[in-house]
Amino acid sequence: MHLVCPQCGTINRVPDERLGDGPVCGTCKAKLLAPEPFALTDATFNKFISNSGLPVVVDFWAAWCGPCKMMAPHFSEAAKQMPRVRFAKVDTESATQTAARFAIRSIPTLIVFKGGHEVAQQPGAMQAGDIVRWLQGQLGT
């Protein structure tokens with residue numbers, strides 16, 4: 001399985017049976033499956049989404065958005081509960097091309113990607129349990 005390092009962008013190959021062993025990047029030694037969300041930018045978004053062997057859920061947010069701030073700890077908690085899903089955040093104020101590409105009109109908005117393709121989109125703030133249930137429904141887990 002391919003895992004993209006959220007720190008340096010290196011594409012790492014990790015055998016499926018070793019995913020639970022805490023794999024680290026072969027280049028920068030960062031944890032590949034750290035249980036917390038990481039930032040994606042216009043420059044890193046495509047490489048990460050198209051090369052990730054695991055599903056990726058992206059929180060499109062902005063620093064000025066009250067509901068985004070309220071949902072942030074719930075998004076982090078959901079990341080801890082779902083180790084086989086990558087959790088990323090895209091700041092719509094700085095990653096304007098990515099936000100426009102996915103026609104983000106309301107924030108926060110969650111988008112799930114699997115195999116490099118969008119499979120579901122959900123606008124509005126949610127609590128951790130709701131995020132986990134929604135993802136389970138979208139991913140069939």
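Trainee: Does R13 count as buried or exposed, and at what relative accessibility?

Mentor: In this predicted model, R13 counts as exposed because its relative accessibility is 70%, and the cut-off for that word is over 50%. R13 has its place in strand β2, which covers residues 11-13.

Trainee: Which residues does R13 touch, once residues up to four places away in sequence are not counted?

Mentor: With those neighbours set aside, R13 touches M1 and H2. A further distance concerns L3, which is 10 residues from R13 in sequence and, C-alpha to C-alpha, 6.3 Å from R13 in space.

Trainee: How many helices and strands does the chain have, and in what order do the elements run from the N terminus on?

Mentor: The chain has four helices and seven strands, and from the N terminus on the order is β-β-β-α-β-α-β-α-β-β-α.

Trainee: What radius of gyration would a compact globule with 141 residues have, and what does the chain have?

Mentor: A compact globule with 141 residues would have a radius of gyration near 14 Å, and the chain has 14 Å, so the value agrees with the rule. Along its principal axes, the C-alpha trace spans about 40 × 30 × 25 Å. Of the 141 residues, 43% count as buried, and among contacts between residues at least 6 apart in sequence, 61% join residues at least 24 apart.

Trainee: How is a pair of aromatic rings described, and how many aromatic pairs does a search of the whole structure find?

Mentor: In general, the description of a pair of aromatic rings uses the distance of the centres and the angle of the planes. Here, a search of the whole structure finds seven aromatic pairs. In one of them, the rings of F38 and F48 have centres 4.8 Å apart and planes at 55°, so this pair is tilted. Because F38 lies in strand β3 (residues 38-40) and F48 in helix α1 (residues 42-51), the pair ties together parts that are 10 residues apart in sequence. Both F38 and F48 are buried.

Trainee: At what distance do the ring centres of F60 and F102 lie, and at what angle are their planes?

Mentor: The ring centres of F60 and F102 are 6.1 Å apart and the planes stand at 50°, so this pair, too, is tilted. F60 counts as buried at 0% relative accessibility, and F102 is buried with a relative accessible area of 11%. Ring pairs also link F60 and F102 with F45 and F113 into a cluster.

Trainee: Which residues does a cis peptide bond join, and where is P108 found?

Mentor: The cis peptide bond joins I107 and P108, with omega at about 0°, and P108 is found in the loop between α3 and β6. A103 also has its place in the loop between α3 and β6, and has a positive phi of about 50° although A103 is not a glycine. At 39% relative accessibility, A103 counts as partly exposed.

Trainee: What is the phi of K29, and is it positive or negative?

Mentor: K29 has a positive phi of about 70°, although K29 is not a glycine. This residue lies in the loop between β2 and β3, and at 55% relative accessibility K29 counts as exposed.

Note on methods: Residues numbered from 1 in each chain as written. Predicted model: local features only at pLDDT ≥ 70, side-chain atom pairs only at ≥ 80, totals over all residues. Heavy atoms only, no water. Phe/Tyr/Trp six-rings, centres within 6.5 Å; stacked < 30°, edge-to-face > 60°. Helix = DSSP H or I, 4+ residues; strand = E, 2+ residues; numbered from the N terminus. Buried < 20%, exposed > 50% of the residue type's maximum accessible area, 1.4 Å probe, protein only. Rg over C-alpha atoms; globule rule 2.2 N^0.38 Å. Contact = heavy atoms within 4.5 Å.
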